[in-house]
Amino acid sequence: MRRPLVGALATLLLTGAAAAGAGTAAAAPRADAGARVSADAKADAGIKADADVKADADVKARPKAVDFAGTVALSNCSGSLIRMPSSADTDHALVMTNGHCLETGMPDAGEVITDRPSSRTFSLLNSSAGKVATLRAVKVSYATMTDTDVTLYELDTTYAQIKQRYNINALSLSADHPTAGTPIKVVSGYWKRIYSCNVDGFVYRLREGDWTWKDSLRYTSSCNTIGGTSGSPVIDTTTGKVIAINNTGNESGERCTVNNPCEVDENGGVTVRQGINYAQETYGITKCVGTGNKIDLGLPGCALPKPAAAAARR
């Protein structure tokens, strides 16, 4: 575990139509000339429209600038201020980090924690990694190391208040499963360092010690994350959205031990990749957050592990 230590097209078509009309009126004695003018204007508008569409596509394909704004530093890990597709500006904000970064210690395999009071603090960073505020939690909304490795804290401030006071926007979680080959950046608030690589692929099961994670994301080798980067948001540089949360890597080549996760395929085959690092996908979290930014594990499509009745608070 990575602990520390369409508008332009319509306008052009209307312009073409107007030009065509003007051409026809000016050349009324010769209908064939007017038709040619109209056709030429429409063709010119079409060329311009195609060019604008291509330019718009090029802009969308350009990598988004990724910096430290919206990330946080914890006492032992990295994290981020995040919002769901359904989050409102007036909702109390959420901070996301790993389950194994929980201040009370790592959850056991099979353990799920919900709605536990917390007063943990986080250093909110700006684009250049400067600290702009101390944020405070009121509770652990959700934490587990089963199937995934995540902790979500609810803060005592709203997104609107944070924006007004510090001019920082939360990072947005993507609601879509990531894609192999996607260029990504892993942004560590703890180390104030950004790692760049691509999504190499996905792991059916990732096993480390007593814990097993499902459908984990594997990096290409240039994301050589280290202790303290746990909880860092993994950002798709095409969309600028968070697609995963950094959590572990195989350090010494051991098989399925702590700090040495192994990959397990559908048939039980085990692969060890020394020096390769991993993250847990976050799109599934968006399906488990309801009105008011509250975790609702009963929502349709929510697949996050649920706590046993007796273990909901521990």
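Here is a short tour of the pockets, nonpolar cores and aromatic pairs in this predicted model.

**Stop 1: the main core**

Start by selecting Leu81, Met96, Phe122 and Leu155. In the largest nonpolar core, which has 46 residues, these four touch the most other members. The largest share is from β6, with six residues.

Apart from that core lies another, of twelve residues; to find it, pick Cys197, Val199, Leu217 and Cys223, which are among its members.

Go back to Leu155 and show its contacts. Leaving out residues up to four places away in sequence, Leu155 touches Leu81, His92, Ala93, Val95, Phe122, Leu135, Arg136, Ala137, Val138 and Ile162.

**Stop 2: two aromatic pairs**

How many aromatic pairs does the structure hold? There are two. Select Phe122 and Tyr153 for one of them: the ring centres are 5.1 Å apart and the planes sit at 65°, so this pair is edge-to-face. It bridges distant parts of the chain, as Phe122 is in strand β5 and Tyr153 in strand β7, 31 residues apart. Buried or exposed? Phe122 has a relative accessible area of 1%, so it is buried. Tyr153 is buried too, at 0%.

Next, jump to Tyr190 and Trp191. This pair is also edge-to-face, with 5.1 Å centre to centre and 80° between the planes.

**Stop 3: the largest pocket**

Select Lys214, Tyr283, Gly284, Ala303 and Leu304. Of the 15 residues lining the largest pocket, these are the closest to its centre. The pocket has a volume of about 340 Å³. Highlight β11 (211–219) and β16 (277–281), each of which supplies at least two lining residues. Colour the lining by class and you get five nonpolar, five polar and five charged residues.

**Stop 4: the second largest pocket**

Finish with Ala65, Val66, Asp67, Ala69, Asn167, Ile168, Asn169, Ala170, Leu171, Ser172, Ile235 and Gly240, which line the second largest pocket. This pocket holds about 210 Å³ of space. What is its lining made of, by class? Seven nonpolar, four polar and one charged residues.

Terms used. Residues numbered from 1 in each chain as written. Predicted model: local features only at pLDDT ≥ 70, side-chain atom pairs only at ≥ 80, totals over all residues. Heavy atoms only, no water. 1 Å grid on protein atoms, 1.4 Å probe; cavity = no way out; pocket = protein on both sides within 12 Å on 5 of 7 lines; lining within 4 Å. Points joined across faces, edges and corners; volume = space filled by probe spheres on them. Helix = DSSP H or I, 4+ residues; strand = E, 2+ residues; numbered from the N terminus. Nonpolar A, V, L, I, M, F, W, Y, C, P; charged D, E, K, R; others polar. Core = buried A, V, L, I, M, F, W, Y, C linked by side-chain atoms within 4.5 Å. Buried < 20%, exposed > 50% of the residue type's maximum accessible area, 1.4 Å probe, protein only. Contact = heavy atoms within 4.5 Å. Phe/Tyr/Trp six-rings, centres within 6.5 Å; stacked < 30°, edge-to-face > 60°.
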